[in-house]
Amino acid sequence: ALGLLLLRRGLYADAEALLRTALATLTRHNTNPADGEISYHLGTTLLALGRTKDAEDAWAKAAWSAAWQDPAHLELARLAARRQDLAGAEDRARLSLVRNAHNLSTRHLLAVVLRRQGRTEEARAVVAETLALDPLDFGALREAVLLGLRPAADLVSALRGEVLNVLHLAGAAAAAGWFDDALGCLDALPLPQEPLAAYHRALWLDALGRTSEAASERRRAAALGPDLVFPNRLEDLAALEAAVARNPQDGRAWFYRGNLLYDKKRYAEAASSWEKAVVLEPTLATAWRNLGLARFNKLGQPARARDALEEAFRRRPSDARLLMELDQLDRKLGAQPADRLARLGAHLPLVANRDDLAVEYAGLLNLDSRSGDALRFLLSRRFHAWEGGEGKVIRQYVRALLGEASQSLAESKGQEAYEFLLRALDLPESLGEARLPGAKESQLQYALGVAAQAAGRPEAERWFTLAAAGNDQPAGMMFYNDTPPELIFYQGLARRKLGDEPGARGRFHSLMEFGQRHLFDHVKVDYFAVSLPDFLIFDEDLDRRNQVHCRFLIGLGAWGLGDRGQALDQWRLARDLDACHQGVADHLAWAQTGDLDR
């Protein structure tokens, strides 16, 4: 299993050692293995290492196993074709089809072998059978065009102008050593000016000995734009390895190589490729951005990660995603809310381009006690629901109205506060989502009760009764549909307003006990986690987040139980760990500047 994993990552030498160990174990008591899988993968590995004869031996052994006969014979047919042994290729292809008559790759190869031998009618018969099985098979359509059975437009339509589709088709010819066919495929089909196809073309020209043309093709590839280029296959890695070996000054080839290696979890090599890319071509903003992610998430270099993200945004200041990622990294690195707010405020048109960035900006306005500005900003645009963002816009909208109501209460304007809070019950359609059925709003309901009391309205007790109900068990820091911890705190305050002191103290004790019990837990993301309530761009220190969460809970419980000194101490410790945690910042500010219970 580990050998196969490394094979898929393109680490062929390491994969060979492990696969040979596995094969030795399998054949310890019998030289004929019960299954050919290891031998098949070993053959693939050896071919990638350039050891064709050893690969042939491994695939021949794999073909003894019924389950692996058709793929093994296909690979042996391709090796025969590389030796210009068309008769041998035909024999192996037919053996493959004996085991699996629907192997479309084998059927394609057989049709090409027959065509190249001049056996046109037989080739047409194979193609017709294949198209009956799959009318959209690229290989069969390509041969049908070459054999005069179908118009070229049918193949063009099936490929849909997708570069990877064309490369898959041309690569099938290259795998059998028919590099002229592979080049002809690229030449015959309309393609956008795309670097990845040019790098493959150069690789195949090299195989034909046309090195000057290959060099020219690589120069052309290096000059093409890098947008929408997504190398993802080991065949692409071979083309890019050849590109950087023959033209080390091609910054874009290093960039593409880094992207592919990162996908294969070869993080240090990927970062090294991106380092070369940004030296050779400093304007590659995405290379800087990718380098920043690798430095933070994989190399343990947070300060250098920020330098890279900052450079990426400087190189492409019109990219809202880069601004969002830079802002999230700033938060991870402990930037103060005021500094983040100033940066986002300086780029408001970009902030308005993304819902996730816009809701962060609104949250920072709320943290800065600018609830009126937050409210106006939220209502100035239309939001859209996105996975992982459930409830975030609503939370900032309600928080802004709570802030406005708190200010009105501080000025003894109870009726004005009450009207602000009533607006929080009826969500504007422009927020893009509604409350979940049964969602609790204890904090809002408690605030409505306080405002109603201040305004001399009779419905205060009804609001306190609604606020007092609900689940009293706190959840961990990565809650989704669970009850947020501050709601339990306000349940307790509401019960105290209703004269239920034991019920109130029970809520506060549950918050303190949960926080103390879990303060030093080691936290992992649950395997089945969905819609996590935070961004996952940069790796999170979950243990630190857990400590912030638990100290927040301890502080809420301590405040409710009358230990205000401990509450302030816990919230300050939590703030030192995360200055942008809204619950901590809000409750600390309310406790220090006014009456938190009000």
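A salt bridge here is a side-chain nitrogen of Lys or Arg within 4 Å of a carboxyl oxygen of Asp or Glu. R314 and E311 make one, with their closest N and O atoms 2.7 Å apart. Before going on, a word on the source: this is a predicted model, where local features need pLDDT of at least 70, side-chain atom pairs count only at pLDDT 80 or more, and totals for chains, interfaces and linings use all residues. Residues are numbered from 1 along each chain as its sequence is written, and side-chain values use heavy atoms, with hydrogens and water left out.

**Salt bridges**

Searching the whole structure turns up 57 salt bridges. Side chains of opposite charge can pair when their charged atoms come close.

| Pair | Closest N and O atoms |
|---|---|
| R314 and E311 | 2.7 Å |
| E75 and R78 | 3.1 Å |
| D206 and R246 | 3.0 Å |

To place them, we need helices, which are DSSP runs (H or I, at least four residues; strands are E, at least two), numbered from the N terminus. We also need burial: buried means under 20% relative accessible area, exposed over 50%, and partly exposed in between, using a 1.4 Å probe and protein chains only.

R314 and E311 both sit in helix α19 (residues 302-315), three residues apart, or about one turn of the helix. Which of the two is buried and which is exposed? R314 counts as exposed because its relative accessibility is 54%, while E311, at 16%, counts as buried. Elsewhere, salt bridges with shared partners tie R115, R116, E143, D180 and D181 into one network.

E75 and R78 are also about one helical turn apart, because three residues separate them in helix α5. An α-helix has 3.6 residues a turn, so residues three or four places apart point the same way. Here both ends of the pair are buried: E75 has a relative accessible area of 13%, and R78 comes in at 15%.

The D206 and R246 bridge has its closest N and O atoms 3.0 Å apart. This pair links distant parts of the chain, 40 residues apart, with D206 in helix α13 (residues 195-207) and R246 in helix α15 (residues 234-246). D206 is buried at 18% relative accessible area, whereas R246 is exposed at 52%.

**Helices with a buried face**

Take helix α4 (residues 52-62), where A55, A58, W59 and A62 are buried. Looking down the axis of α4, these buried residues fall within an arc of 95 degrees, so they line one face of the helix. That arc is the one made by the directions from the helix axis to the C-beta atoms. What covers them? Among the elements over the buried residues of α4 are α3 (37-48) and α5 (69-82), and the contacts behind such cover are heavy atoms within 4.5 Å.

Helix α26 (residues 414-423) has its own buried set: G414, A417, Y418, F420 and L421. They span an arc of only 160 degrees around the axis, which puts them on the same side of α26. The cover over the buried residues of α26 includes α25 (392-410), α27 (442-454) and α28 (460-468).

S510 belongs to helix α30 (residues 501-518) and counts as buried, at 13% relative accessibility. The side chain of S510 reaches the backbone oxygen of D472 at 3.2 Å. Leaving out neighbours within four places in sequence, S510 is in contact with D472, P474 and I488.

E360, in helix α23 (residues 355-367), is buried too, with 13% relative accessibility. The E360 side chain makes a polar contact with the side chain of Q328 at 3.3 Å. A polar contact is a pair of N or O atoms within 3.5 Å; within protein, one must be able to donate a hydrogen and the other to accept it, and residues adjacent in sequence count only if both atoms are side-chain atoms.

**Leucines of helix α2**

L18 is in helix α2 (residues 12-26) and counts as partly exposed at 31% relative accessibility. L26 lies in helix α2 as well, and is partly exposed with a relative accessible area of 36%. Not counting residues up to four places away in sequence, L26 touches P33, D35 and I38. From L26 to L367 it is 341 residues in sequence and 63 Å in space, C-alpha to C-alpha.
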